[in-house]
Amino acid sequence: MPAIVLIGAQWGDEGKGKATDLLGSRVDYVVKFNGGNNAGHTVVIGTEKYALHLLPSGILTAGVTPIIANGVVVDIEVLFEELDALISRGVDVSGLKVSANAHIITQYHRTVDKVTERFLGKRQIGTTGRGIGPTYADKINRVGIRVQDLFDENILRQKVEGALAQKNHLLVKVYNRRAITVDEIVQDLLSYAERLRPMVADTALLLHEALTAGKTVLFEGGQATMLDVDHGTYPFVTSSNATSGGAVTGSGIGPNRIDRIIAVVKAYTTRVGAGPFPTELFDESGEFLRANGFEFGTTTGRPRRCGWYDAPVARYTARINGVTDFVLTKLDVLTGLDTIPVCVAYSVDGVRFDEVPVSQSDFHHAKPIFEDFPGWTDDITGARTFEDLPRNAQAYVLAIEKMSGARISAIGVGPGREEIISRHDLVD
């Protein structure tokens, strides 16, 4: 059985939770391999809506083992808040496993994140202020705190002392904030240790054994390709590898174990936070997409920037990730438009670019070159086969499929788990 990587094809919020839910009972494990609680998945099951930030979407599916792997940064307070919220709604969360090697977000990471962003002024990145970046920075600087450190108070205290020796100078002398004491951090983290202990495991070994036994494992990426710290629109990116390669380093499996790479892409484009966005709309069309698509951040509630479908971005995603299948979401949001533009290339100072420019400056100044497609007015939320779609909707899907570098294997036509059209099997 396969190891499947599921990633976002744009700037996040594409509907990865829906795609994970689509695979449902055919998956034995769902693994979150990057990011933290700085992004979210919204999953709709019947009349119930679940907003997940740190937990893998698979935690909502009976029989699936959800895993938070080593590449994730974990805010333990948020972890237990999410678990308790699900428990109160009758969801069984007892199968959750957390990597002993995952890094922990502390109070000082959140504080540094917020004050640093304010200090940047007009040069702000647009972070969520949840401490994600500073935690990854500590990881790379080798002063981070890992989950396993909570079970040895002496080691934990030494690591916190080492981290705060630097952080307090920054907070007090640069940002004019109070110093944070070692005791308050240690006591806070230790208060979670015993509840966390039964969940902690060698998740890399667990996944190796699962794949060897023929289990199906889904690796669920947070954020998206254009927010990847190496391959996204740097510096307006997240602090982890949200591309398919991140599934390898972020979970501890070998690259030869991966069988399929699925990218989720909206039928239009959105972005939250600062950074270049060539197809962004500032008119009534943008408001139409935002209102019809309920485009507000799952984690922050911020209104998302909206624009038309960007085919060069989709091609870039297909190339960087080795995409085998696209899942196209929110096609229904386009219903009612007379004309639907698609960005097929860019113009930068009069020069045509058919691919995403490697130069950050060029991408900032890129102007979209559009091709227009006729829209449709029929309600498509009841469509369950490709042939059920209006002819113009079919033509739109086939056109962007041809432009995007991989086949479109499933199409979302509504927010519910059943409102989807399957064109190709995503597992076999």
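**Exercise 1.** With the side chain of which residue does the side chain of Thr270 make a polar contact?

*Solution.* The model is predicted: local features need pLDDT of at least 70, side-chain atom pairs count only at pLDDT 80 or more, and totals for chains, interfaces and linings use all residues. Residues are numbered from 1 along each chain as its sequence is written, and side-chain values use heavy atoms, leaving out hydrogens and water.

Step 1. A polar contact is a pair of N or O atoms within 3.5 Å; within protein, one must be able to donate a hydrogen and the other to accept it, and residues adjacent in sequence count only if both atoms are side-chain atoms.

Step 2. The partner of the Thr270 side chain is the side chain of Lys266, at 2.9 Å.

**Exercise 2.** Decide whether Thr270 and Lys139 are buried, partly exposed or exposed.

*Solution.* Step 1. Buried means under 20% relative accessible area, exposed over 50%, and partly exposed in between (1.4 Å probe, protein chains only).

Step 2. Thr270 has 1% relative accessibility, so Thr270 is buried.

Step 3. Lys139 has a relative accessible area of 27%, so Lys139 is partly exposed.

**Exercise 3.** Find a residue that UniProt lists under "active site" and that is in contact with Thr270.

*Solution.* Step 1. The unreviewed UniProt entry lists Asp13, His41 and Lys139; its positions follow the numbering used here, feature names are shortened, and annotations may be inferred rather than shown by experiment.

Step 2. Contact means heavy atoms within 4.5 Å. Leaving aside neighbours within four places in sequence, the contacts of Thr270 include Trp11, Gly12 and Asp13.

Step 3. Asp13 is in the UniProt list and in contact with Thr270.
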